[in-house]
Amino acid sequence: MAGDGGGSRYDEVYAAWKRDPQGYWAEAARGIAWDRPPERVFDPALGVYGRWFPGGRLNTCHNAVDRHVAAGRGGQAAIVWDSPMTGRCETLTYAGLQSRVAKLAGALAARGVGKGDRVVIYMPMVPEAPIAMLACARLGAIHSVVFGGFAAAELAARIADARPKAIVSASCGLEPGRVVAYKPLLDAAIDLSPHKPEAVLILQREQAPCALRPGRDEDLLLAEAAAAPHPCVPVESTDPLYILYTSGTTGAPKGIVRDNGGHAVALHHSMGLVYGVGAGDVYWAASDVGWVVGHSYIVYGPLLAGCTTILYEGKPVGTPDAGAFWRVCAQHGVKVLFAAPTAIRAIKKEDPRGELMARHDLWRLEALYVAGERCDPDTVTWAQALLRKPVVDHWWQTETGWAITGDFRGLGLFPVKPGSGGKPAPGYEVVALDDAGREVPRGQIGSLAVKLPLPPSGLPTLWNADERFREAYLSAFPGHYSTADAGMVDEDGYVWVMSRTDDIINVAGHRLSTGAMEEVLASHPDVAECAVVGVKDSLKGQVPLGLVVLKAGAAKEEAEIVAELAAMVRERIGPVAAFKEARVVQRLPKTRSGKILRATLRRIADGESYTVPPTIDDPAILDEVGAVLRAAMR
Ligand code: COA
Ligand code: AMP
């Protein structure tokens, strides 16, 4: 075990939450400025499984921006945009942020956007992305940010489901070695979607300005400049703040709903509890605003707590080198860094002895937090040894919006066990269950579930899909939220998250659905049937591998078909899927009733032990395909 050790108040605080959960969250709710205080802390009779802080009215943007200005922090840096992709570094103070957000809110309002309307935001890592999110929050409108690495069809699916009144986007994003023209993707997505937005605001970037479609598209900066500032609109605590689509087991993404009140309380509280930072501290989540980590810890968490947040448009390596993260930490005085394990592995690969790290003065950095996938023990110990700071793995999901388990700087760290995700945060009772819903003994693997209710910020439902919500999360283990992760709780109460129980894979910290990729592969004219599995990869954690059975008479070379499949996935899902490889196999292993043995294939691809299912049709096929998978692991 390693870490700070000793003196943690974790046990005491966790026990206090368990004794009186409502009292715990009532106290946390005092950290938020309410226009009208909540009538109750939690009402189990509302919504699908209950709602947090009903009767309360607040505005999330006011809490994240305006109240800091009113409290005299207007001159403090709110957002530092550090962009090695453009060579620019700019600081926006809280007062500056307030002024830009209020005007963009005014511009959106002038185009008909009001409380409850949806706005899709498809943006690279530029200040206008958080500004647009906050402008929506200011109006009580519901934003839905779509990650820039998704293709037009994925964007179209989100537009069709969210039915936005307006879309905010940019002319381009910047990836190493290429400019990603966003506008053609956006135009194609709007054309594909049965729902059309009334207004489209485009940030013109000098690297690739785009043509604007008359009557629909407008220049974002001109619209903002011409607008009157809009005040904050109070909303109900239970009103949605945002929808964030995430991969489900099928191609149709799930719209995770986040409410205003519970989210503000939990996110504000988590900054002190989990990360041990507060007003005036510099906090950096090296993620993207398109993911939940970006929503929670680039935008809302740090701003609700009055921190300075870093918005980084660059990569861990190659912009310009593997010292980039440490340069940013040193230059801006980052106190806590949050990154994906894959990013740390990429740095470790290029700078194994920490020579680039040593060039930067990291005295103000106090801890590194990692999440997005399980952090392998080697990477935790490597980072700990070189940084000589605590490295904390914490487990969470888009659905929860903040840590389910972790270690808690606000309470004094307890010893870290590399490879584990730490202990449950106050608010979560985590159990490992067998298929019948019984708790398995400590130290044994089961399905990880959280006893209901989820704490504040946990999704109350899926957008317009209560039944899908119940089915996907609440039906497997009555009284529990099913995380779809498998793992164990050990003798000391640490939670070890080992794998998914569904068809989700984690590629470089990005959550992707193998089901969605299979739908694409199956549409190739030469493919008879297919399975996509995530095979172990030493850098990205997992990478997708397609296993395809060709139709009789398919005349093309295997290499040609594989290249076509990779192009199709890139075209329909996006480059972020990182689908590059497929293998043609003669047959896929199946049960006697004809179901492909995906779970067994997953275990083989993860390098885990497996038992041959008794229902298998022909064990020899599993051997053949297993050998193909093992050969693909890196
Ligand atoms: N817009 C457009 N394309 C994007 C994109 C975006 N926002 N983000 C990624 N892509 C593209 C990349 O350019 C790449 O395209 P390519 O196939 O043409 O090279 C592809 O998607 C895969 O990208 P990525 O996953 O970033 O892999 P990589 O090999 O380029 O880089 C790492 C490897 C480890 C450096 C990188 O994955 C990384 O920084 N990971 C951290 C991810 C992270 O922070 N996740 C947050 C979750 S908490
Ligand atoms: P996302 O919703 O994109 O944040 O992905 C959530 C999923 O990523 C979880 O269900 C886990 O499978 C995985 N995950 C995230 N953080 C961790 C972690 N610290 N340890 C293990 N798995 C993690």
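I take helices (H or I, at least four residues) and strands (E, at least two) as DSSP runs, numbered from the N terminus. I am working on a predicted model, where local features need pLDDT of at least 70, side-chain atom pairs count only at pLDDT 80 or more, and totals for chains, interfaces and linings use all residues. Side-chain values use heavy atoms, with hydrogens and water left out.

**Positive phi**

I looked up alanine 578 in the loop between α16 and β31 (581-584). Its phi is positive, about 50°, although alanine 578 is not a glycine. Alanine 578 is buried, at a relative accessible area of 12%. Buried means under 20% relative accessible area, exposed over 50%, and partly exposed in between (1.4 Å probe, protein chains only).

I then went to alanine 508, in the loop between β27 (504-507) and β28 (510-513). Alanine 508 also has a positive phi of about 50°. Its relative accessible area is 18%, and it is buried.

**Cis peptide bonds**

I found a cis bond from threonine 319 to proline 320, with omega near 0°. Proline 320 sits in the loop between β17 (308-312) and α11 (324-332). Leucine 452 and proline 453 are joined by a cis peptide bond too, omega about 0°. I place proline 453 in the loop between β24 (446-451) and α14 (466-474).

**Helix α15 against α16**

I read an angle of about 125° between helix α15 (residues 514-522) and helix α16 (residues 558-572), with axes 9 Å apart. Axes are lines fitted to C-alpha atoms, for helices over the stretch in contact, and angles run from 0 to 180 degrees between N-to-C directions. The pair is therefore oblique. Angles under 35 degrees count as roughly parallel, over 145 as roughly antiparallel, 65 to 115 as roughly perpendicular and the rest as oblique. I listed Met517, Val520 and Leu521 in α15 meeting Leu565, Met568, Val569 and Arg572 in α16. Contact means heavy atoms within 4.5 Å.

**Nonpolar cores**

I count a nonpolar core as a set of buried Ala, Val, Leu, Ile, Met, Phe, Trp, Tyr and Cys residues joined through side-chain atoms within 4.5 Å. The largest has 119 residues, and Trp25, Leu97, Leu134, Tyr275, Tyr283 and Tyr297 touch the most other members. Helix α5 (residues 128-139) gives the most to this core, nine residues. A second, separate core has 42 residues, including Phe150, Ile202, Val507 and Ile561.

I also checked tyrosine 275, leaving aside neighbours within four places in sequence. Its contacts include Tyr283, Tyr297, His394 and Arg409.

Methods: Residues are numbered from 1 along each chain as its sequence is written. Chains are lettered from A and ligands numbered from 1 in the order in which they are written.
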